[in-house]
Structure formats: structure tokens, C-alpha cells
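Let's take a tour of a protein chain, going from single side-chain pairs up to whole sheets. Have the sequence and the 3D view ready, and look up each residue as we go.

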Amino acid sequence: MLFGGVLLAVQALQLAGALDLPAGSCAFEDSTCDFDSVFEFLPWILNEEGHYIYVDTSFAKQGEKAVLLSSDVQTEEWSCLRLVYQITTSSGSPSEPSRLNLYVRFDDESFDRLLWSAKEPSDSWLIASLDLQNSSKKFKILIEGVLGHGNTASIALFEIKITTGYCIECDFEENHLCGFVNRWNPNVNWFVGGGNMRNSHSILPQDHTFRSELGHYMYVDSVYVTHYQEVAQLISPVTTAPMSGCLLFYYQLQQGNDSIFSVYTRDVAGLYEEIWKMGYPGNADWNLAEVEFSAPYPMEVIFEVAFNGPKGGYVALDDISFSPVPCQNQTERPFSAVEASCNFEEDLCNFYQDKEGPGWTRVKVKPNMHRAGDHTSGLGYFLMANTKFTSQPGYIGRLYGPSLPGNLQYCLRFYYAIYGFLKMSDTLAVYIFEENHMVQDKIWSVLESPRGVWMQAEITFKKPMPTKVVFMSLCKSFWDCGLVALDDITIELGSCWSPEKLPTPPGECTFEQDECAFTQERRNRSSWHRRRGETPTSYTGPKGDHTTGVGYYMYIEASHMVYGQKARLLSRPLRGVTGKHCLTFFYHMYGAGTGLLNVYLKKEGDSEESLLWRRRGEQSISWLRVLIEYTCERRHQIIFEAIRGVSIRSDIAIDDVKFQAGSCAEMEDITQHSSGYSEDLNEIEY
């Protein structure tokens, strides 16, 4: 064990009130409180002298895991979960490091949701701060430690505590400093002031919280500055849930000092944005600052002080808080991802087009073997621009999106499909229209991509002024025109490419990285295979996956099988819960000799399997969506069984599998159509 040498140094981290901790919290002094080790896995060991629990390779092997489960927790108000932990390993960089995962488990879901994960080893205790949004639903906290390689691999938990409030809030009265950290600089740093500390040349008489010399605050002093513009940064925990409102804090500085005090946000890609800067020194007492703050995606708040010399004095900071209410009455409407997105199933939503030319038409296509349907379900509506009928070669009309507030980063995603056209370049382009300046800026255009396949496009953009997204289809000449299809437009805040995205939830699988937690009874040429692009045999199978058009899906290769041969794909064991479940997936059954696709429910302990859904024979050249509603209160698995048909044109594929708690009813309007072909909505109870 490597914890003993640093234990004395972190005793101060133990939070007050250990005997009266809220649900979901524990200081691990002499017990694990309301947490229990899950019997099927390794136990967490309570240190003989108390203070922490651990699991290590002295009694376990690499790859084994220990799981700790809390009693029921409910956060009716926004709360912050703080976890003090340490991961240690032997010298060197192991290929398989130890990992600590934290999940939340809702009673009505058959899978656990990963909230946070860490694998970096450390020689000291670290603090993770996780925002828990307010919810009336009860849940449990599940902490999983997975041991990596090494003879001295260890994972330890010092404390877990849930408190009401936001993780970026802090009064600096507790020694963990709410997870705020100082970015170390040889000459100028943030320090804890107040209490019994007398190590500063610029001691403030009182903190703001208690108006007492015993209270605490953070301060930075210029006494050791040696260079022009020495910078000290105090960095908040990363936000883990979307929030928007007013950030408030109190500051005090020495009168007449020559310093620059600023507040920035920084996202996981390292992009800084200044959100506040001190305009005047203020009075000698504590001054209140109110800053409009929006964190739609993970970001840090950075309090930065830059000194121009050793006579810059000091800057002090205390009582950082957050309110979901804007600082001042705002006339500008806040951004709504729902209002800015559209799948065109009911209408054009908040999109519109100019009056010139035939423009975009809302259409739908019945399942057939020649023309693909929409992307949303294979059965619904999408937009089509038919440049063959335009009276103005070179222009087909513009599709405008709703107005977007300025100075925010957006991620635009949409699906498009191109038909015809000898040259695909610029047949579809996306522009940003700046309303105040009447300026259009092209941010994307089609180059070359497979024809007749729904392709996903992702564009990150940011403009200082209010803007609109504009889609435009072009026909360069009368002799080179075709069809352009558009569907499932979404606009969200943040970058499309986050370097620190959590893994796909265990209830979802797109097969982009691997087969997720699905397993097979056997693996050979006649099994399910993960593939991208077209299947080898002509006139059967998809041309691309459903997720992006260029990604992966699972399929059976009929040319490797004989008539009637089966391939079975099994989900990981799912926890049985009360209430309804909705299983959603997309399937592709194209080919004159297509066989059967079955979905079974297998309950633990039962030898028989129950049929939930079945499709027989050729269905469509499109990916089609199906929703299956079922209930099962016992541990169970879902099995996808594909059976080869009478010829080699019998490839069957699935993609984008998703398990959801609750009824499928809210999706039924999209999937039930008047075309005469309705998607099955099965409701099965076991």
C-alpha cells in the first residue's frame, strides 16, 4: 500500500459533520455508512485505522473489480457530489491502468449511467466534483474500481459527499477548497488567507463569509513578482451538467494597485473566453461582481490576476456562488436546442425558405427497393430539392433556420443524401447569414460522397452577431442537375468534437468503436460481423451504416452461410426492473432471398426464449426503425437472431440499438404513418 505515507498530510480533507452526512455520503472513518460492497465482485476493504477504503493487488488480480453501491439518493435541488480518491500503480506506464468509475443507477432503468471516470495515477489524494441536476427520481450511486497491471496497483476512496448547490460555488471555509486548484507559478500564486494564517504581507482583516478574522478566502500577492505581467490562476472544477445563469463573487484589492483581474471560461479543448474584467478598483471593502455565465458543455471558470510589478498589491476572492436566474432582465430569448432543430415529421418546424424558385419540398417515400426513405425512421418525411425542375440553373432557393444568439459556439449536425449529378461538388452548401450585416459566409459544402446514402455532416461555428443557418442546393448547369435530400437537423451549444466525451451509455450502441457489450454464442464466418461501407454481395445489404453513413453496423454475410443457418447476437445481462422498457433499433433487409430477423427475450434461469418481434423477407433498401415495448422484472438478455434465406442475396443488418426506460408511446406518432405501411410497436409483458 502506498497510502500510509501521505495519510497524515490529508487528514484535514476529512469534512466536518462525518457523523451526520447526507444520503449518498461517507467519510469511511469506521464503516462504509450506507454503502455496501456488491457480493458478486471484490469487496472494498476498510483500512484498519479508518479514514479510507481500498482495493489492491495484494488480494486481487489484474482486471478484477470491486463495486460499492449506495442506498437510495434523491436530489430535489441541484447538488454537488465530491469524491476524494487516489489511484496508485508501480513505476512505469502500464498498458492497462487501474480505473475508477462512478455510475448512477435509476430504479426504472436496466443499465447504469456512467457519470465520471478516472485512470491517472497520483501520489496524493485528488478531488472530483460532479454536478447532479435536480430530479424527483430516486437513484443509487455505484462506484466501480477496476485493477490494472502492476504488483502494487491500488485504488482508494477517502470520502464521498453530496451537498446542495453547484460545484463551482465555494466559500473556501473547508480544506478541500471545493475542488478549486491553483495553477502553480514560481513567483505568484493563489493562497488561502484568513484563519490563523499570518504569512502574507497584505493580510486582510476579515473574510466576507463570516466577517471574521477566522474566516477564509483566497488571495494572490504581488510581493514576489519579478517579471512584467506575472499571472496567477485559480481554476474551478469542470462543470459536468449544462447550466446557465448568473455567477456571483466578492473581491477586494489594494487601492491604487497596478493589476489586471479577469474571469475566463475554458472548455475541454482549451479554448479561453473572457467573461468579466475589473473596470475600476472599487471600494476598500468587499465588492460584489455579477457575471452572465453559460456552460452548455463542460468548462472551467478561471480567476486570473496579472501583476505588472512587485508593487501591485493583492487581490482577494471569496464567496463564489451561482444562480440559474440571469443577473439582469434580458430581452434576448435564450437559445433553445429544440426550437433550432427539426426532423420534418410534422412540418418545417422553425425553418422557412425564401419565395424565389421551387425550393425545398417536404416529401416521404414508401419502403421500396429503389429509393431510400427518410433518415429518422425510414418511413417518415424529409426535405427534397429537385434541381431538375428549377427555372434558374445555378440557384434553387434557400432554407433558413431560426435566429441564433451571437457570441456562442454551436454544433450543427444534419443528414443529407445526393442523387444524380455528374459532379457532386457544391451541390449542397451551408451558409451563415449574419442578420445585422446582411452577410453570408459559406462554412461547408459537399465534396464527394456515396450517392443515395444518408450521410452525416458536423459543423462547429461561432459568430459575434445573431445568425441564421442557411442550406442551399445548387445546379451548376442545365445538363447536370439532380436531387438533394435533407433530414434530422440539430443545433446544439458547444463543439461537435469534444476530446473528453464519456463513453456511449451502456443502453446505447452504434457499433462505431466496437460491439459494445454484445456477445455471440459462436464466432466464425457465419456469425454476426461488424462492417462499414457496402456488403460484398451485390443487390443485398446496406450501402452504409445508419449512424453517419460512413460508420459501422452489424450484419450477416449470407454467402458464408447455408439456407436456414442462424446467427445470434446477445446483449449483456440487463437488470430486471418494474415498469415498461422501450427497445429501439434500425434494421436493413434488402435482397430477393432475404430470410428472417427475430428479437427474443431470454430471462435468467429460463431455458425458453420469448419472441418479441419478427420480420420475414425483403423489406426496403432503407434502414427502418422498430420500437419494441416490453416489461421484465427479472434479469434478462435481448437476442437478435438472423436466419439466412434461400439465396446469397440475404444479408441482414442492424444498427443504433438503444434501450430506454419507459413507454414507446412518445415515439409512436413518428412511427405510425398513413402510407399503409406501419412500423410495428410491440408491447409484451413477462
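## Salt bridges

Start with Asp 441 and Lys 463, whose side chains meet in a salt bridge with 2.9 Å from N to O; the term stands for a side-chain nitrogen of Lys or Arg within 4 Å of a carboxyl oxygen of Asp or Glu. This pair links distant parts of the chain: Asp 441 is in strand 27 and Lys 463 in strand 28 (residues 455-463), 22 residues apart. Strands (E, at least two residues) and helices (H or I, at least four) are DSSP runs, numbered from the N terminus. Asp 441 has a relative accessible area of 31%, so it's called partly exposed. On that scale, buried means under 20% relative accessible area, exposed means over 50%, and partly exposed is in between (1.4 Å probe, protein chains only).

Before we go on, a word on the model: it is predicted, so local features need pLDDT of at least 70 and side-chain atom pairs count only at pLDDT 80 or more, while totals for chains, interfaces and linings use all residues. Residues are numbered from 1 along each chain as its sequence is written, and side-chain values use heavy atoms, with hydrogens and water left out.

How many salt bridges are there by this rule? The count is 21. One of them joins Arg 575 to Asp 112, with the closest N and O atoms 3.1 Å apart. Those two residues are 463 positions apart: Arg 575 is in the loop between strand 35 and strand 36, and Asp 112 is in the loop between strand 6 and strand 7. Asp 112 is buried, because its relative accessibility is 13%. Elsewhere, a network of salt bridges links Glu 521, Arg 568, Glu 609 and Glu 641.

## A lysine with two partners

Now find Lys 137. It forms a salt bridge with Asp 108, the closest N and O atoms being 3.4 Å apart. Asp 108 is in the loop between strand 6 (99-106) and strand 7 (113-118), while Lys 137 is in the loop between strand 8 (126-132) and strand 9 (139-146). Asp 108 is partly exposed at 29%, and Lys 137 is partly exposed at 34%.

Lys 137 also lies over the face of Phe 106, at 4.6 Å from the ring centre. For a charge to sit over a ring, NZ of Lys or CZ of Arg must be within 6 Å of the ring centre and within 35 degrees of the ring normal. Arg 371 does this too, with its charged end over the ring of Tyr 419, 5.1 Å from the centre.

## Aromatic pairs

Rings of Phe, Tyr and Trp (its six-membered ring) pair if their centres lie within 6.5 Å; planes under 30 degrees apart count as stacked, over 60 as edge-to-face and the rest as tilted. That rule gives 37 aromatic pairs. Phe 191 and Tyr 219 make a tilted one, 6.1 Å centre to centre with 40 degrees between the planes. Phe 191 belongs to strand 12 (residues 190-194) and Tyr 219 to strand 13 (residues 216-221). Is Tyr 219 buried or exposed? At 4% relative accessibility, Tyr 219 counts as buried, whereas Phe 191 is partly exposed at 41%.

Phe 585 and Trp 613 form an edge-to-face pair: 5.5 Å centre to centre, 90 degrees between the planes. Phe 585 sits in strand 36 (residues 577-589) and Trp 613 in strand 38, 28 residues apart. Phe 585 is buried at 0%, and Trp 613 is buried at 1%.

## Two open sheets

Two strands pair if DSSP finds at least two bridges between them. Strand 35 (residues 566-570) and strand 40 (residues 636-643) pair over five bridges, and Leu 569 stands opposite Phe 640.

Another open sheet of five strands runs 21-24-29-26-27, with antiparallel pairing. Strand 21 (352-353) and strand 27 (439-445) each have a single partner strand, so one side of each is left without a neighbour in the sheet. Strand 26 (residues 428-434) meets strand 29 (residues 467-473) over seven bridges, with Ile 432 opposite Val 469.

## The whole chain

Zooming out, the protein chain has two helices and 42 strands. Of its 686 residues, 53% count as buried.
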